Amino acid sequence: LAALLIDEEELITKEAVTLLLSHLALSFSSKLKIHESGAIDKLVKLLPLPNPDLQRNVIKTFSLLLECHQARTALLDCNGIPSIVDLLQSEYAIVQELSLIALSHCTRDAKIRAVLREGGGLTPLVSFIGNPEVSDLHVHALRVLSHCLEEMESPEQIGRAHLR
């Protein structure tokens with residue numbers, strides 16, 4: 001399936017493949033096979049595409065895959081964290097929610113927390129929490145921030161983001 005996520009494929013094909021991957025990612029053994037197939041790098045490249053169905057399918061797949069340490073490491077290796085943070089700007093609540101769930105899984109790892117902090121990812125989270133229109137999703141954002149507070153640098157950076 002990962003072979004069908006190349007640039008030359010039609011968007012509808014990518015949508016179907018990512019939907020199938022999101023369903024396969026429900027199974028632990030399938031998560032490992034998806035990771036081993038090299039799909040994570042290809043999925044990260046699809047996140048910025050302006051298709052909400054594709055974004056939903058990809059981020060749903062990530063929200064399930066990132067329960068596994070190997071997938072989190074692969075996501076870090078292909079610099080996928082900023083793309084997930086960018087999805088907090090989506091106009092679709094389901095994309096925002098799945099992005100926060102994926103970030104919650106990611107921020108269990110200290111290396112990912114450092115990348116998020118150093119890449120300025122805490123500022124969008126603080127801004128997200130400051131938006132009353134998405135108050136039903138604040139609990140997910142707070143979970144991500146609580147993971148980030150494990151490092152001494154994070155509270156200082158969150159304070160600076162709040163002052164902006």
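## Helix 7 and helix 10

Helix 7 (residues 93–106) packs against helix 10 (residues 138–148) at an angle of about 20°, and their axes lie 9 Å apart. Axes are lines fitted to C-alpha atoms, for helices over the stretch in contact, and angles run from 0 to 180 degrees between N-to-C directions. Helix 7 is therefore roughly parallel to helix 10 (under 35 degrees; over 145 is roughly antiparallel, 65 to 115 roughly perpendicular, the rest oblique). Helices here are DSSP runs (H or I, at least four residues), numbered from the N terminus.

Contact means heavy atoms within 4.5 Å. Helix 7 brings Glu97, Leu100, Ile101, Leu103 and Ser104. Helix 10 brings His140, Ala141, Arg143, Val144 and His147. By class, this contact has 5 nonpolar, 3 polar and 2 charged residues.

## About the model

This is a predicted model: local features need pLDDT of at least 70, side-chain atom pairs count only at pLDDT 80 or more, and totals for chains, interfaces and linings use all residues. Residues are numbered from 1 along each chain as its sequence is written, and side-chain values use heavy atoms, leaving out hydrogens and water.

## Helix 3 and helix 4

Helix 3 (residues 39–46) and helix 4 (residues 52–65) pack at about 140°, with axes 9 Å apart. The two are therefore oblique to each other.

Ile40, Leu43, Val44 and Leu46 come from helix 3. Leu54, Val58, Thr61, Phe62 and Leu65 come from helix 4. These residues divide into 8 nonpolar, 1 polar and no charged.

## A loop residue

Asn79 sits in the loop between helix 5 (69–77) and helix 6 (81–86). Its phi is near 55°, a positive value in a residue other than glycine.

Definitions and conventions: Ala, Val, Leu, Ile, Met, Phe, Trp, Tyr, Cys and Pro count as nonpolar, Asp, Glu, Lys and Arg as charged, and the others, Gly among them, as polar.
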